[in-house]
Amino acid sequence: KHYDQVVEIMSHLNMYAASHFSKFKINAVTDITGFGLIGHLVEMAKGSNTSIILDVKSIPIIDGVLHYAKMGIIPAGMYNNRAYFEDEVFYNSANYRNSAECDVLYDPQTSGGLLISLSEKEALEYVKIIKSTQSISCEIIGRVTERREKYIILE
């Protein structure tokens, strides 16, 4: 069941999500690959000298991923990503820092979808369009703020 779902998700090309870009003023966009979500967020924040507050509860996670992560079935690259980017992240909870839920944020995705930065108004409209026209997950997972001590703040 999990295998079939992953194949379906990974087979859905990012071009469908990108097909609506011309209607919006995109601030930044990247596909989530080897750096994992956190790595790509750090790169975006550094590039714009901002911080990003991440709403971890809103991040879509494929069914079964947390189960496997809790079993320790995690790619070795996750540990590399974590070692490289973790100093740029503020954790609101020490318990979260050492959880499987946190591990997946550093997971070196190979086909993780698009991470897009838009104004709040445009982000709401973009999500509405994607949800009405595509069969892919699309969520607002955070917001950009002025530069703080850390580039990424997990809430």
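How exposed is Glu139, in terms of relative accessibility? At 38% relative accessibility, Glu139 counts as partly exposed, a class between buried (under 20% relative accessible area) and exposed (over 50%), computed with a 1.4 Å probe and protein chains only. The model here is predicted, so local features need pLDDT of at least 70 and side-chain atom pairs count only at pLDDT 80 or more, while totals for chains, interfaces and linings use all residues. Residues are numbered from 1 along each chain as its sequence is written, and side-chain values use heavy atoms, with hydrogens and water left out.

On to the overall picture. The protein has eight helices and six strands, taken as DSSP runs numbered from the N terminus (helices are H or I with at least four residues, strands are E with at least two). Along the sequence, they come in the pattern α-α-β-α-β-α-α-β-α-α-β-α-β-β. The radius of gyration is 15 Å, which agrees with the value near 15 Å for a compact globule of 155 residues; this radius is taken over C-alpha atoms, and the globule rule is 2.2 Å times the number of residues to the power 0.38. Those C-alpha atoms fill a box of roughly 40 × 40 × 20 Å along the principal axes. Buried residues account for 39% of the 155. Of the contacts (heavy atoms within 4.5 Å) between residues at least 6 apart in sequence, 81% join residues at least 24 apart.

Back to the charged side chains. The structure holds eight salt bridges, each defined as a side-chain nitrogen of Lys or Arg within 4 Å of a carboxyl oxygen of Asp or Glu. Glu139 pairs with Lys131, the closest N and O atoms being 3.1 Å apart, and Lys131 is partly exposed at 46% relative accessibility. Another bridge, between Glu155 and Arg143, comes in at 3.9 Å, N to O. Glu155 sits in the segment after β6 (152-154) and Arg143 in strand β5 (residues 142-146), so this pair ties together parts that are twelve residues apart in sequence. Within it, Glu86 meets Arg97 with the closest N and O atoms 3.3 Å apart. Glu86 is buried, at 17% relative accessible area, whereas Arg97 is partly exposed at 33%.

Now for the rings. A search of the whole structure finds four aromatic pairs; rings of Phe, Tyr and Trp (its six-membered ring) pair if their centres lie within 6.5 Å, with planes under 30 degrees apart counted as stacked, over 60 as edge-to-face and the rest as tilted. Phe35 and Phe85 are edge-to-face, at 5.7 Å centre to centre and 80° between the planes. This pair links distant parts of the chain, with Phe35 in the loop between β1 (28-31) and α3 (36-48) and Phe85 in helix α5 (residues 76-85), 50 residues apart. Phe85 is buried, with a relative accessible area of 2%, while Phe35 is partly exposed at 41%. Tyr84 also pairs edge-to-face with Phe85, at 4.9 Å and 85°, and Tyr84 itself is exposed at 62%. Elsewhere, Phe21, Phe24 and Tyr126 form one aromatic cluster.
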